[in-house]
Structure formats: structure tokens, C-alpha cells
Amino acid sequence: MRKFLILSRVQLRSLLTSFRIGGGRKKVFSGRAALAVMAGLCLYISGFYSFALGSQLAGADCLELLLLMMPAMGAIMGLVFTAFAAQGVVFGGRDADLLLSMPVSAFTVLLAKLTALYAENLVLCAFLVLPAGAAWLRFGGEGGALFVLRLLLGIPFLAMLPTVLSLAAGFLLSWLGGRFANRKAVNLLLYGLMMAAVCFLAIQLNLAVSTLAAGTMGADIAGAFTGWGLPFQLFQRGVCGDWETLVMFCLLSLAPVLATAWLFARNYQRVLTGLSSHGKRPAYRLGRLKAAGRRKALLRKEAARYFGTPIYLFNTGIGLIFLVLAGGAAVVMGGRLQMQLAAAGPFPMLILAAAVIGFLLSTVAITGSSISLEGQNLWIIKESPVSAREALDMKTGFQLLLTCPCAAVCAGGLTWGLGLSPAEGGVLLLFSMAFAGFTALMGLAVNLLFPKLDAVNDMVVVKQSAAALLSTFGGMAAALACGGLVWGLSGSIGETASLASCAAALLPACGLLVRWLHTRGAERFMEL
């Protein structure tokens, strides 16, 4: 037990130090702070949806469905966030040979690595399910203090479900990647299928809420959890008062984790050796290389990394997809969208459109991980006949090449769908371009200040590094600041003029960031 606790602590500290900023003890503190930020974000999202759903479910006399839907959401989010972590930490960790050479059983090593994944899943599940429990009590659910006790007992075992699923998904990703020649393409396809499944479940959840809002009973929702949703049904019955079912749920959650860890631990070293092998590679063929300019070569390099790294593409590209989808949906819905918004209440249409575009653009933090993903190969671009200014400009330019067309499509679609005037549409497009430029430059500056060049895998850089988090949340903070500025000025100068003023304020900010990147930023780049 002592060896397991020590190894678990080391693996957990390794997970936390992936967020590090600065040196010394600040590395651990920054990791805990980032974990706290993730917990706060989950708490906010779950609190908003739990109480919104709770009011609808209580009116339909099926409040117990809340304790089915939110645990399912927690498990799905845990699987999405930790599947690639399992691939890198459990089946691709650089410390595997060292740990297996120590006088420690393979079962203990594997269980310690699973503990680090379990800790992340526990944070996600706890802060997504606890607000659902608060909503249950707020809208008349029974149980009182005993319900709280059962909920606190059930959540740690609920987090074991996404842990074992992420372990299986990580093994599948590693195995398929080693069997096929194009490993990145396989990972990209699997991650795309996973994200498509999550989007499908989110759409189904929204449709279910819509039926409840229309007064439809929740029997169909409960029926949707038949079969695959058995663990969530047991969880819901257990925390609502059935102690025997709660004990059964805990045992059924613990058994797969221990069984899976024991199964992999029996031949852990052979599994790692087999996964590290690769399938047959295509034969090399001689061919003529095409000449290209420096800028074109740098853009190709950025594009190859972006579209060849699934975790990078899907973590930062979801906003691009939704920009295009939002614009297309606004065009298709047309007058129906205006009628629905008018029925919901008086909305400032131009400000609403700008808020949608600003939020989606803030999630496209491509430059926030661009330098960190260079890793140990950063010296190649530094030694190439390219100036630091030119290299940084191309990293910013690559994000703008992706975001500007998508933002233009969204701005055009919203202009048509919301019935905005040509002047309002032009101002919306100007704001979109200015905000896209600001987020790209800001993310690159943050990545220069807080690089993560020693990450064990790409997942750590894209999802857990300080630069990735700060660039994403910094973009969201900038969107909120723009919203506050526009809201404050709209009462005196109007919506169009206030949004134009916000766009005009973003342009000097972009100029200052460009100047810093070309001077101190270029020096910082060469010092890395």
C-alpha cells in the first residue's frame, strides 16, 4: 500500500505540474490553481443547466431524470477529456521502463497511473453532479441530509466509469495507431467519431429539454437510458433512497476498474512493447520536390501539425465548426429565428450576434499552443533561414486564415437570419475580424510567456498547459469586456456605433501586440 500511495502521488504531481508557471513550489501551486479553474468552470456550467432543467423537470413531475442526465453528462465529458490522456499516460508514458524496472509490481504501477486519471474524472463528475443534487433539493426532491450523504458516497464510484472507459479507449487508440501506417489519420478519425457522438448526445439532450418545455412527459427520456444507461439508473435509484441499489452500484463500478487493471498488469510490459511497434510503412519513392517561399513553407508546416494532431485540431477547431454551423442555421431558419427571439423577449439583435461570434472565436486558441507543440524540435525553426518575426507572423497568420473566413460566414449568416441592415452587417464583420486578430495575437503572446516545451505528449500541451488555459479564458474575458463596453455605450450612442467603437478599440490593442511580438516577443522566442 505504501508503494502504491507514493507512486500515485508522483503520477498526480506529474499531472499537476503540466500546468506549471515559473519555478520552485509555484509549479505545484499553478497546477492546483488550474485544477480549481476547471472545477469552477464545471460548477458554473452544471449549476446553470441543472437549475434550468430542474425547473422544467419539476413542472413535468419527473425531477428524478435530472439525476440521470447530469451523471451521464459527467461520464461523457470525463471520457472525452481523459481518453487521449490514457493513451499518453498509461500506454505511452516515458517513465514506464523506469517504473517497471523498480521493485514494484506491474499491477501497482498501472493502478497508480489510473489514479491520476481517476482524480481528473472525479473533479469533473463531482462538480457536474453536485449542482444537480442542489437542484434536486431546491425543487422539492426528498431525502434531505441522507440524500446528501448518499450523493457524496456515490460520486467517487461514478467517476470510476469514465476512468475505465478512457483506459479502454486509450488502449484502442494506441493499438490502432500501431497497426496502421498513418497513425495520425487513425487518431484523427477516432477522435472525430468521438466528438460526433458527443455532439449527437448534446443535440438529443436539447431536444429532450424542448419536449419537456412543451409539456411532454419524461417517459421517453427515461426509456432512452435503457440498456447502456443502466449504471446511471442504479446511481439515480441509489442516491434517491435505495441503499441496496447504491451498494450494488458501488460494487459494479469498482469491479471493472480492478479487473481491467489486473488484466493489463499481467502482461503490461509486453503490451507496451507491442503498442510501441508500428505497422508496415509504405515504401519510399524518389520524386521531385517543389520549391516554395519561406512563408508558404511555414504555413504548410503549421497546417501539417494542426491537421495531423487530432487533440489539437478538435480542441481548438470546435469553435470554427460552430461558426460555420451558426451562420448556416441562421440563413436556413431566416424569419423563424427572428420570431423565436421576439417571442422569448426583446433582444438587441446586433449585440446578440456579436456575442455569439465573440464567444466562438475565443475558443479557437490555436496560437496558444503553437509554440509549445514545437517541443524539442524548436531549434529547427530557430536555425532555419527565417527571422523570429517572420516565424511568429506565420503562426498568427495561420490562425487568421482559418478564423477569418469562418467568422465572415457566421457574420453574413447572422446578418441575413436576424434581419440586420447592411450597415449593421458591415460593423458586425469589422468586429469579427478585429476580435479574430486580437485573439490570435494574444494567444501567441501568452504562449511565448508561458511555453511548455517538455510535455510528455500533445494532450498535455493542448488541454493542460498554462498557455492553452490562459489563452482560452483570456479570449473569453476579452469577449466579456467587449460585451460590457458595447452594452454600456449602446444606451447613449446606439448598438451600431457602440459595436463600431469596440472594434475601433480592438485595433490599437492588436497594434500593441504586434509591436511587442516583433520586439520583445522575437527576443523571447530566440531565448527559448
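**Side-chain contacts in the predicted model**

Trp136 and Phe147 are both buried. The model in which these residues are placed is a predicted one, and seven aromatic pairs are found in the structure. One of these pairs joins Trp136 to Phe147 in a stacked arrangement, with 5.7 Å between the ring centres and 25° between the planes. The angle falls under 30 degrees, and the pair is therefore classed as stacked. Trp136 belongs to helix α5 (residues 106-138), whereas Phe147 belongs to helix α6 (residues 144-158), so the pair ties together parts that are eleven residues apart in sequence.

A further aromatic pair, between Tyr306 and Phe398, is edge-to-face, with 5.6 Å from centre to centre and 75° between the planes. Here the angle is over 60 degrees, and so the pair is classed as edge-to-face. Distant parts of the chain are linked by this pair: Tyr306 lies in helix α13 (residues 294-308) and Phe398 in helix α19 (residues 388-417), 92 residues apart. Tyr306 has a relative accessibility of 1% and therefore counts as buried. Phe398 is likewise buried, its relative accessible area being 6%; both values lie under the 20% limit for burial. Tyr306 and Phe398 also belong to a cluster, linked by ring pairs, that includes Phe307 and Tyr312.

Another contact with a ring involves a charged side chain. Arg138 is placed over the face of Phe139, 5.3 Å from the ring centre.

A nonpolar surface patch is formed by Leu41, Tyr44, Ile45, Phe48 and Tyr49, which together have about 520 Å² of accessible area. Tyr49, a member of this patch, is located in helix α2 (residues 26-59). The relative accessible area of Tyr49 is 40%, which makes this residue partly exposed.

Eight salt bridges are found in a search of the whole structure. In one of them, the side chains of Glu390 and Arg295 meet at 3.4 Å, N to O. This pair again connects distant parts of the chain, with Glu390 in helix α19 and Arg295 in helix α13, 95 residues apart. The two partners are assigned to opposite classes of accessibility. Glu390 has a relative accessible area of 11% and is buried, whereas Arg295, with a relative accessible area of 53%, is exposed.

The side chain of Lys301 meets that of Glu374 at 2.7 Å, N to O. Glu374 is buried, with a relative accessible area of 3%, while Lys301 counts as partly exposed at 29% relative accessibility. Both residues are part of a network of salt bridges in which Lys301, Glu302, Arg305, Glu374 and Lys395 are linked.

A salt bridge is also formed by Glu527 and Arg520, whose closest N and O atoms are 3.8 Å apart. This separation lies within the 4 Å limit, and the contact therefore qualifies as a salt bridge. Glu527 is exposed, with a relative accessible area of 53%, and Arg520 is partly exposed, with a relative accessible area of 36%. Neither residue is classed as buried, because the value for each is not under 20%.

As for the cysteines, zero disulfides are present in the structure. Cys404 is in no disulfide; the nearest cysteine sulfur belongs to Cys406 and is 9.4 Å away. Such a pair does not count as a disulfide because the sulfur atoms would have to lie within 2.5 Å. Cys240 is partly exposed, with a relative accessible area of 26%.

Val239 is located in helix α10 (residues 230-239). Val239 has a relative accessible area of 0% and is therefore buried. The C-alpha atom of Val239 is 8.6 Å from that of Leu153, a residue 86 positions away along the chain.

Technical notes. Residues numbered from 1 in each chain as written. Predicted model: local features only at pLDDT ≥ 70, side-chain atom pairs only at ≥ 80, totals over all residues. Heavy atoms only, no water. Phe/Tyr/Trp six-rings, centres within 6.5 Å; stacked < 30°, edge-to-face > 60°. Helix = DSSP H or I, 4+ residues; strand = E, 2+ residues; numbered from the N terminus. Buried < 20%, exposed > 50% of the residue type's maximum accessible area, 1.4 Å probe, protein only. Lys NZ or Arg CZ within 6 Å of the ring centre and 35° of its normal. Patch = residues over 30% accessible without salt bridge, like charges linked within 9 Å, V, L, I, M, F, W, Y side chains within 5 Å. Areas by Shrake-Rupley, 256 points an atom, 1.4 Å probe, with all protein chains shown as cover.
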